[in-house]
Amino acid sequence: MRLEDMPEANWRDEWPEFRVRLVDETSRCLADQQAASTDGQRLRWDTLTSVQRGNLVENLVAVFIAQDQAMQNLIERGLLL
């Protein structure tokens, strides 16, 4: 699966529900951890606008897809046991 192969937000319909929930929860955790580590210079999840939340979620989806591709590449190269 490649990001360019998935229309925006289509991943929510195509991915298993546990993975969608994992992306959403990871987004919340990341926002809250960044807020804590920057003494509030970055916003907590509950203070982000819906657009900001959507952007963060879409960025994390891109990371999940990139990890899948990286794993596939490593397997194909015989670099994982």
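Visitor: Why does Met-71 count as partly exposed?
Guide: Its relative accessibility is 44%, and partly exposed sits between buried (under 20% relative accessible area) and exposed (over 50%), using a 1.4 Å probe and protein chains only. So Met-71 lands in the middle class. One caution: this is a predicted model, where local features need pLDDT of at least 70, side-chain atom pairs count only at pLDDT 80 or more, and totals for chains, interfaces and linings use all residues. Residues are numbered from 1 along each chain as its sequence is written, and side-chain values use heavy atoms, leaving out hydrogens and water.

Visitor: What makes Ser-27 buried?
Guide: Ser-27 comes in at 0%, so it counts as buried. Ser-27 belongs to helix H2 (a helix is a DSSP run of H or I, at least four residues, numbered from the N terminus). Setting aside neighbours within four places in sequence, Ser-27 is in contact (heavy atoms within 4.5 Å) with Trp-45, Leu-56, Val-57 and Leu-60.

Visitor: Which residues of H3 are buried, and what do they pack against?
Guide: They're Leu-56, Val-57, Leu-60, Val-61, Phe-64 and Ile-65. These buried residues pack against helix H1 (11-14) and H2.

Technical notes. Helix = DSSP H or I, 4+ residues; strand = E, 2+ residues; numbered from the N terminus.
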